[in-house]
Amino acid sequence: MSNHLKNETSPYLLQHAENPVDWYPWGKEAFERAKEEEKPIFLSIGYSTCHWCHVMAHESFENEDIAGLLNRYFISIKVDREERPDIDSVYMSVCQAFTGSGGWPMSIFMTWDKRPFLAGTYFPVHSKYGAPGLDDLLKAVAHRWEQNRAELLRSADQIIEQLQQSESGHRKVDNKELSKMAVKMLSTDFDSVYGGFGPAPKFPMPHNLLFLTLYAKQTDNQGALKMVEKTLTQMRKGGIFDQIGYGFSRYSTDQYFLAPHFEKMLYDNALLIIAYASAYATAKELLYLDAAEKTAQYVLREMISPGGGFYSAQDADSEGVEGKYYTFTLDEIIGVLGKEKGRRFSENFDITRNGNFEGVNIPNLLKSSDLHGDFNDEIQRLYSYRTKRSRLHLDDKILLSWNAMMIAALSILYRTTRNEVYLQAAVNAQRFVEKNLSDGPRLFTSWRDGKRQKNSVLDDYAYYIAALTELYHSTLNKEYLEKAEQFCMEAVKRFADNEEGGFYLSDPAETELFINPKETYDGAIPSGNSIMTYNLVRLYQLTETEEYVRLAQKQFHFMSAQAQDYPAGYSMFLCAKLIYDVPPEQIAIVLKDDSDLEMIKKRLPLLANVILVPESKEYPLLNDSTTFYICRDHTCLAPTNRF
């Protein structure tokens with residue numbers, strides 16, 4: 001029997017549409033019913049490729065006894081965190097305030113006016129190992145709601161007051177040494193033996209690597225570059241990189257980058273394409289270009305919709321087992337490749353009889369001395385075998401901010417390789433966004449099955465502006481730059497805090513929750529405030545519009561105050577600061593003939609501000625030929641016909 005989720009489009013919500021729990025989507029109907037029946041709300045937040053969300057769903061939400069408790073004493077609401085990042089952000093702060101940590105599935109107990117009074121993440125059905133069971137917890141909350149509701153409401157008021165006070169704090173501090181401090185912090189956390197930062201689990205954090213790459217380039221700091229190279233090499237060799245189907249998994253559960261949490265997210269792969277392409281441009285190591293191109297190959301093969309938009313994620317689980325899709329036994333390898341080729345492949349990719357992961361094998365190159373061996377035929381045969389052996393769940397909703405990241409990544413990869421396939425995929429995805437996820441100046445967070453969500457947040461605008469700017473850099477088509485400027489002004493209009501600085505996550509005119517956060521910390525992805533800082537700098541350098549530099553300087557002041565305690569957590573903001581303080585080379589081009597543009601596009605630098613200018617007294621043609629006016633390091637060179 002279906003519940004109220006049956007008509008939703010989110011894959012995560014649809015996974016729960018047949019639960020015996022009487023789930024509601026977030027909306028007026030659920031809150032009105034809770035108020036009318038004077039029941040507390042149980043809010044469950046997750047996403048469709050979340051392993052522990054699957055576990056809790058199977059253990060609890062398919063359990064008739066647990067469903068009975070929820071249906072009797074609560075109104076239950078399901079939220080896809082990827083469709084509603086605003087809801088997820090606020091209640092993640094609640095969860096962290098209550099428990100000191102967070103994650104998914106997130107479990108929130110709250111009133112019908114959205115005030116939380118208890119929070120946690122995964123709960124087993126029954127209490128064990130000192131952790132409360134969901135059955136006991138539901139009974140206890142229901143009892144306290146009936147017998148001592150005032151105490152629960154006081155708890156809600158206290159946590160809301162605490163969160164509102166933390167949001168209102170504002171320190172007017174500007175530290176010019178933030179980048180040096182961040183490099184020092186990252187150096188302290190760096191694992192010089194196995195790459196990455198800190199102990200396991202190890203997350204890729206590609207924006208940290210981007211910052212270190214840019215810092216190394218500007219300051220000739222070889223130590224910073226070595227951290228990048230060691231980490232990128234280890235990840236490419238490890239099991240976190242899918243050696244058979246390509247692309248990167250979410251994170252490594254160990255210090256070696258061998259055993260990943262196997263889900264693949266679009267945003268990780270987009271940001272890692274950028275990190276590898278940028279490192280290749282700096283260090284000229286072919287392994288980095290190989291990683292970027294193979295990751296793009298995976299995305300264009302498995303994550304692209306017929307309309308050109310990119311899907312969100314692939315699951316870690318298949319047939320109820322995490323990683324089953326990705327692992328092999330030695331006998332499987334021999335059976336697919338034959339004895340001789342199978343032996344050679346197994347020696348190179350660490351395939352053994354006993355296995356390197358829970359009795360089976362994750363193909364990897366961590367012990368290999370041959371990183372450039374020709375195993376293309378074997379890999380293709382194993383990939384074909386793997387796709388027939390089992391299937392992965394695909395979250396096929398299309399998220400604007402994540403698509404924007406991939407548009408930017410493919411644009412950058414095009415400028416690295418000159419491969420038109422990447423640029424065309426980026427252009428097609430931008431057209432998809434324009435058709436399905438925008439309406440004039442308004443953007444929308446997600447699209448699936450012909451329907452788009454009506455909400456949007458700062459990240460949608462910030463990342464799309466960055467994507468349009470990168471498309472401009474790859475095409476010199478001014479329409480992309482004009483669109484970037486239009487959406488930038490819309491973002492300022494809708495999300496900027498004109499008094500205290502920074503940008504709110506939600507439009508203050510539309511927010512429905514008790515706080516409207518300004519997200520500044522660069523976590524799994526760079527924050528909307530970091531990306532907006534970057535956008536303002538790039539748009540100023542491309543257009544020389546004074547309003548952008550005014551806004552950028554105000555944003556620097558706000559973000560510097562946020563970053564002063566832990567600048568290593570603000571790496572994308574620091575990238576913006578670096579390119580503001582030391583601008584990329586400025587190239588003004590006067591075309592003699594429009595046909596010259598195609599040649600120029602194939603030679604555009606990875607990081608430069610390139611503009612087309614008409615012939616004029618200020619910019620005359622040299623030798624009656626296309627002319628380049630190049631400035632770098634605050635010095636302009638003589639005009640030239642060579643580029």
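**Strands, helices, pocket and rings**

Modeller: The model is predicted.

Colleague: How many bridges pair β8 with β9, and in which sense?

Modeller: β9 covers residues 313–314. It pairs with β8 over two bridges, and the sense is antiparallel.

Colleague: Move on to β20. Which residue of β20 is the bridge partner of Ile-587?

Modeller: β18 (residues 586–590) and β20 (residues 627–632) run antiparallel, joined by five bridges. Within β20, the partner of Ile-587 is Ile-630.

Colleague: In the hairpin of β20 and β21, which residue takes a positive phi?

Modeller: β20 is joined to β21 (residues 635–636) by two bridges, again antiparallel. Cys-631 stands opposite Cys-636 of β21. Two residues lie between the strands of the hairpin. The residue with a positive phi, near 55°, is Asp-633.

Colleague: How many residues of helix α22 are buried?

Modeller: α22 spans residues 571–581. Its buried residues include Phe-573, Leu-574 and Lys-577. What covers them includes α8 (178–189), α9 (206–219), α20 (528–543) and α21 (546–563). Of the eleven residues in α22, the number buried is nine.

Colleague: Is Ile-244 buried or exposed?

Modeller: Ile-244 sits in the loop between α10 (222–237) and β6 (251–252). Leaving out residues up to four places away in sequence, it touches Phe-328, Phe-345, Pro-363, Ile-379, Leu-382, Tyr-383 and Arg-386. Its relative accessible area is 3%, so Ile-244 is buried.

Colleague: How far apart in space are Ile-244 and Glu-378, C-alpha to C-alpha?

Modeller: In sequence, 134 residues separate Ile-244 and Glu-378. In space, C-alpha to C-alpha, the distance is 9.0 Å.

Colleague: Which residues are closest to the centre of the second largest pocket?

Modeller: The second largest pocket has a volume of about 1,000 Å³. It is lined by 41 residues. The closest to its centre are Leu-214, Lys-217, Ser-278, Leu-606 and Leu-607.

Colleague: How many residues of that lining are nonpolar, polar and charged?

Modeller: α9, α11 (266–283), α16 (400–417), α18 (458–475), α20 and α22 each supply at least two residues of the lining. The lining of the second largest pocket divides into 25 nonpolar, seven polar and nine charged residues.

Colleague: Now the rings. What kind of aromatic pair do Tyr-267 and Trp-402 form?

Modeller: The model has 36 aromatic pairs. In this one the centres are 4.7 Å apart and the planes stand at 65°. Tyr-267 belongs to helix α11 and Trp-402 to helix α16, 135 residues apart. Both are buried, and the pair is edge-to-face.

Colleague: What kind of pair do Phe-345 and Phe-349 form?

Modeller: Phe-345 and Phe-349 are both buried. Their ring centres are 4.3 Å apart, with 15° between the planes. Planes under 30 degrees apart count as stacked, so the pair Phe-345 and Phe-349 is stacked.

Note on methods: Residues are numbered from 1 along each chain as its sequence is written. This is a predicted model: local features need pLDDT of at least 70, side-chain atom pairs count only at pLDDT 80 or more; totals for chains, interfaces and linings use all residues. Side-chain values use heavy atoms; hydrogens and water are left out. Buried means under 20% relative accessible area, exposed over 50%, partly exposed in between (1.4 Å probe, protein chains only). Helices (H or I, at least four residues) and strands (E, at least two) are DSSP runs, numbered from the N terminus. Contact means heavy atoms within 4.5 Å. Two strands pair if DSSP finds at least two bridges between them. On a 1 Å grid over the protein atoms alone, a cavity is a set of points where a 1.4 Å probe fits but cannot get out, and a pocket is an open set with protein on both sides within 12 Å along at least five of seven lines; lining residues have an atom within 4 Å of a point. Grid points are joined across faces, edges and corners, and a volume is the space filled by probe spheres set on the points. Ala, Val, Leu, Ile, Met, Phe, Trp, Tyr, Cys and Pro count as nonpolar, Asp, Glu, Lys and Arg as charged, and the others, Gly among them, as polar. Rings of Phe, Tyr and Trp (its six-membered ring) pair if their centres lie within 6.5 Å; planes under 30 degrees apart count as stacked, over 60 as edge-to-face and the rest as tilted.
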